[in-house]
Amino acid sequence: MPKILKSKSDYGIDAPDVRRIMALIAVIGLLFLVFNLACFVYQVRDFDFLFAGSALIGLFLFSYGAFMSLYMTWSSKIGKLNTRDTLLETVGQIRSWSDNELVVDVGCGRGLMLVGAAKRMSQGLAVGVDVWVEKDQSGNTPDATRRNAEIESVGHRVDVTTGDARFLPLEDGTVDVVMSHWVIHNIEPEADQVKALNEMWRVLKPGGVLVLADIAGVPKYVSHLGQLGARDIRFYDGGLEARVMGVLSGGTYVPQALVCSRPVEILDTRFQSTRERDLIGQARLIQEPIISV
Ligand SMILES: C[S@@+](CC[C@H](N)C(=O)[O-])C[C@H]1O[C@@H](n2cnc3c(N)ncnc32)[C@H](O)[C@@H]1O
């Protein structure tokens, strides 16, 4: 009997272990609070500073754990879908989605950005690359990604492959749009995160667009991409959500994003004057030894 597809796509829960820990903190806090209140109600002990302090600790643990686990659920199920739509709309303002032949989602997980992009494309292919780490996203498998693409009726336009963001299995300058959502912070050691950025830049076509979102570190990516020559950099500072969550998480969770483009190199010499051609030729002669060092 053919398997019946679920009617709604499901992009999983990010960092499911962290969410479990937050839920556990909430339960411990609640037990602490209930225990203290029971002692008070049944007059097992007198009300004093120690009592008030331990009840407050219970209240704090419960509120923090419950808020964080609810927020993480909301963010995985609703918040990041909104972010995805905003980012993909911005890409459409820079270059038409109908112009894209190849779109790549690096660390695609269950296909949040990948499927969203495929739904906007009128031609070409959206490819998801991932190493499928379960602790980064619940139920993270190529099959789950393909299933979401089928449910959203873009299975024919989506392909998934196994590959590491630091060594993308793609040729230089071949991708129209490179996207990566909440991936780079997972790469260890931290020094390797820049390798992933360089790889995304390497495979991007001149005139292509790069979309990056992460739970922390986006300002660093902005400055690195600026050094690589990125243009039209649009930085999304995450507004109030990023500020509040930054404080609550001690700076480890500040969801922000950027969209930028790679400038078109002057490759078409038909419209250049002899003088321009000479200058470009000289520039290449000067640059080549430096690049190959
Ligand atoms: C938090 S999930 C985000 C998934 C998806 N982009 C989304 O927003 O729903 C992080 C993803 O990064 C992937 N990942 C982690 N390290 C990676 C690496 N070195 N290369 C490629 N993908 C990686 C994980 O397998 C996981 O799918």
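The face of H6 turned away from its buried side carries the exposed residues Ser223, Gly226 and Gln227. A residue is exposed if 12 or fewer other C-beta atoms, placed from the backbone, lie within 10 Å of its own, buried if there are 20 or more, and partly exposed in between. This is a predicted model, in which local features need pLDDT of at least 70, side-chain atom pairs count only at pLDDT 80 or more, and totals for chains, interfaces and linings use all residues. Residues are numbered from 1 along each chain as its sequence is written.

**Helix H6**

- H6 spans residues 218-228, and Val218, Tyr221 and Leu225 are buried in it.
- Seen down the axis of H6, these buried residues fall within an arc of 50°, so they line one face of the helix; the arc is that of the directions from the helix axis to the C-beta atoms.
- An α-helix has 3.6 residues a turn, so residues three or four places apart point the same way.
- Gly229, with a positive phi near 110°, follows H6.

**Backbone angles elsewhere**

- Most residues other than glycine have a negative phi, and most peptide bonds are trans.
- Ala15 has a positive phi near 45°; this residue is found in the segment before helix H1 (16-41).
- Ala15 counts as buried, with 20 C-beta neighbours inside 10 Å.
- Trp132 also has a positive phi, of about 55°, but is partly exposed, with 18 other C-beta atoms within 10 Å.
- The peptide bond from Glu188 to Pro189 is cis, with omega near 0°.

Methods: Helices (H or I, at least four residues) and strands (E, at least two) are DSSP runs, numbered from the N terminus.
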